[in-house]
Amino acid sequence: MRIANKHDYKLAIPAKGENFIVLEKGKYSITGNICGSSYEQIKDLNKGICLTLRQL
């Protein structure tokens, strides 16, 4: 996963695994390739959230 705003973060997520990162408030572009599917989202983080991605 790539998480970008003023800073650029790369978060490795192993197959059938999980990982986490703590971010400051702000607007982030989140992109990545999850289980062979592309994921792209813009999130405005102004409170604590837990983002869960899984294959259906």
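Modeller: I30 is buried, because its relative accessible area is 7%, and the label "buried" stands for under 20%, "exposed" for over 50% and "partly exposed" for what lies in between (1.4 Å probe, protein chains only). The model is a predicted one, in which local features need pLDDT of at least 70 and side-chain atom pairs count only at pLDDT 80 or more, while totals for chains, interfaces and linings use all residues. Residues are numbered from 1 along each chain as its sequence is written, and side-chain values use heavy atoms, with hydrogens and water left out.

I30 is located in strand β3, which spans residues 26-34; strands (E, at least two residues) are DSSP runs numbered from the N terminus. When residues up to four places away in sequence are set aside, I30 touches M1, R2, I3, Y39, E40, Q41, K43 and L51, contact being heavy atoms within 4.5 Å. The chain therefore brings I30 together with residues from other parts of the sequence, such as M1 and L51. A C-alpha distance illustrates this: I30 and A4 are 26 residues apart along the chain, yet their C-alpha atoms are separated by 6.6 Å.

I30 is also a member of the largest nonpolar core, whose seven residues are M1, I3, L11, Y28, I30, Y39 and L45. Such a core is a set of buried Ala, Val, Leu, Ile, Met, Phe, Trp, Tyr and Cys residues joined through side-chain atoms within 4.5 Å. Strands β3 and β4 (37-45) are the elements that give two or more residues to this core. In soluble globular proteins, nonpolar side chains tend to be buried together.

Y39 counts as buried because its relative accessibility is 19%. Beyond four places in sequence, the contacts of Y39 are M1, I30, T31, G32, I34, L51 and L53. Y39 and M1 are 38 residues apart along the chain, with 8.7 Å between their C-alpha atoms.

Two other residues of strand β3 complete the view along this strand. I34 lies in β3, and apart from its neighbours within four places it is in contact with M1, Y39 and L53. With neighbours within four places left aside, S29 is in contact with R2, I3, A4 and Q41. S29 and E40 are 11 residues apart in sequence and 7.4 Å apart from C-alpha to C-alpha.

R2, a contact of both I30 and S29, has a further partner: its side chain meets that of D8 in a salt bridge (3.1 Å, N to O). A salt bridge is a side-chain nitrogen of Lys or Arg within 4 Å of a carboxyl oxygen of Asp or Glu. A search of the whole structure finds one salt bridge. R2 counts as partly exposed because its relative accessibility is 38%, and D8 counts as partly exposed at 44%.

Finally, strand β3 supplies three residues, the largest share, to the lining of the largest pocket. A pocket is an open set of points on a 1 Å grid over the protein atoms alone, where a 1.4 Å probe fits, with protein on both sides within 12 Å along at least five of seven lines; lining residues have an atom within 4 Å of a point. This pocket is lined by 30 residues, and L11, I13, N19, L51 and T52 lie nearest its centre.

Terms used
Helix = DSSP H or I, 4+ residues; strand = E, 2+ residues; numbered from the N terminus.
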